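Subject: Structure handover

Hello,

Please find the structure below. My notes on it come after.

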Amino acid sequence: MIAPRRILVIQLRRLGDVVLTTALLEDLRRHAPEARVDFLVGSAAAPLLEHHPLIDDCIVYDVDHPIRTAMGIRRRSYDWIVDVQSSPRTAQLVLISRAPVRVGWRVRGWGWVYSHALPRKGRAPEWVVRERQRLLALVGVTPSSPPPQPRLVLTPDERERAERELSAWGAPGDAPRAAMLLSAGELSKEWLIASFATLAAQLAAEGVTPVLFQGPGDDARIAALRSALAATGGTPGQAVPLVVAPRLDVRRFLAALVSCDVLVSGDTGPVHMAAAVGVPTVTIFGPTSPVAWSPGLATTLVVRDERVPCLGCRHDVCPIGHDCMHGVTPEMVMQRVRALLQHAARRT
């Protein structure tokens with residue numbers, strides 16, 4: 001196969017999926033070092049890709065003018081299009097592009113659009129980056145092993161601003177910081193608020209500042225957390241030095257994460273964002289599989305209740321009471337936080 005001169009990677013939505021897809025850029029660059037590599041992304045996730053050294057042009061999908069986007073892609077005359085998303089919307093773009101090599105998933109209804117397609121089902125579960133490397137293997141790109149890690153880039157100014165902001169919000173600079181995210185996209189992937197409150201108290205007791213980041217619609221969750229903290233005795237400010245960050249845009253959130261020493265969350269996009277900028281993570285798993293959604297590194301620790309028989313059910317809404325998430329105790333999570341903080345201390 002002739003080496004491509006122009007390559008387009010497509011992943012429009014889901015912040016975590018956009019982050020994970022950046023891992024493919026290293027293999028593409030190694031395979032075709034002289035090629036131009038562009039990335040088509042939705043407006044919500046586009047800020048994540050700013051300053052990325054492996055992307056020549058970040059093209060933002062115009063949801064109000066999809067035909068304009070499609071014709072713009074066609075005018076660029078891509079040799080390869082790697083459609084990681086492979087949805088009806090992106091398949092239309094690929095079809096209109098007239099690219100000779102069109103890589104995507106073999107899905108019913110629109111999989112015929114792709115010249116090289118891989119079945120989405122029928123294989124053993126594996127780390128999602130390794131799975132997506134198999135798309136590139138269809139067109140002769142030898143997958144690197146171990147798979148590349150997703151990568152995002154922050155400027156020194158963004159990092160310095162975030163450190164100033166964390167200090168202004170009340171996080172001391174001389175103590176470790178543990179970021180927490182209450183929401184996880186689906187209710188079945190969310191940990192108990194009471195468990196987060198207990199964890200925050202344990203963190204504070206061991207000299208670690210809990211830093212709470214707000215997700216969309218988190219007002220009620222934050223109020224519940226404050227109430228749970230108040231029930232531990234005294235006011236939240238006195239009992240636990242909880243730092244609640246204001247609502248942040250994607251870039252400020254990413255930079256603020258870098259000013260923390262660990263992130264504790266359910267299985268959700270910000271976990272991949274944190275790992276992509278080098279922040280260690282403790283991810284609480286239940287309905288989703290860590291085999292697929294955790295890289296298994298020394299800095300990306302997993303916790304789940306192995307006693308639950310229906311782990312990995314992939315249900316967005318649990319029909320039996322969220323046993324998999326409720327069985328994860330604060331002490332189980334705290335053990336992993338301690339391990340990561342000790343690991344970081346040894347490295348410094």
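This is a predicted model: local features need pLDDT of at least 70, side-chain atom pairs count only at pLDDT 80 or more; totals for chains, interfaces and linings use all residues.

Residues are numbered from 1 along each chain as its sequence is written, and side-chain values use heavy atoms, with hydrogens and water left out.

Pocket. A pocket here is an open set of points on a 1 Å grid over the protein atoms alone, where a 1.4 Å probe fits, with protein on both sides within 12 Å along at least five of seven lines; lining residues have an atom within 4 Å of a point. The second largest pocket holds about 240 Å³ of space, the volume being the space filled by probe spheres set on the points, which are joined across faces, edges and corners. Its lining has 22 residues, with Ala275, Val279, Leu297, Thr299 and Thr300 nearest the centre. At least two lining residues come from each of α11 (269–276), β11 (281–284) and β12 (300–303); helices (H or I, at least four residues) and strands (E, at least two) are DSSP runs, numbered from the N terminus.

Helix α4. In α4 (residues 88–97), Thr90, Ala91, Leu93, Val94 and Ser97 are buried, meaning under 20% relative accessible area with a 1.4 Å probe and protein chains only, where exposed is over 50% and partly exposed in between. They cover an arc of only 155° around the axis, so they sit on the same side of α4; the arc is that of the directions from the helix axis to the C-beta atoms. Among the elements covering them are β1 (6–10), β2 (36–41) and α3 (66–75). Just after α4, Arg98 has a positive phi of about 65°.

Aromatic pairs. Rings of Phe, Tyr and Trp (its six-membered ring) pair if their centres lie within 6.5 Å, and planes under 30 degrees apart count as stacked, over 60 as edge-to-face and the rest as tilted. The count is two pairs. Trp191 and Phe196 have ring centres 4.9 Å apart and planes at 75°, so this pair is edge-to-face. Phe213 and Phe253 are also edge-to-face, at 5.2 Å centre to centre and 85° between the planes. Phe213 is in β8 (residues 209–213) and Phe253 in α10 (residues 250–258), so the pair ties together parts 40 residues apart in sequence.

Arg5. Arg5 lies in the segment before β1 and is exposed, with a relative accessible area of 63%. Not counting residues up to four places away in sequence, Arg5 touches Ala35, Arg36 and Asp79, contact meaning heavy atoms within 4.5 Å.

Regards
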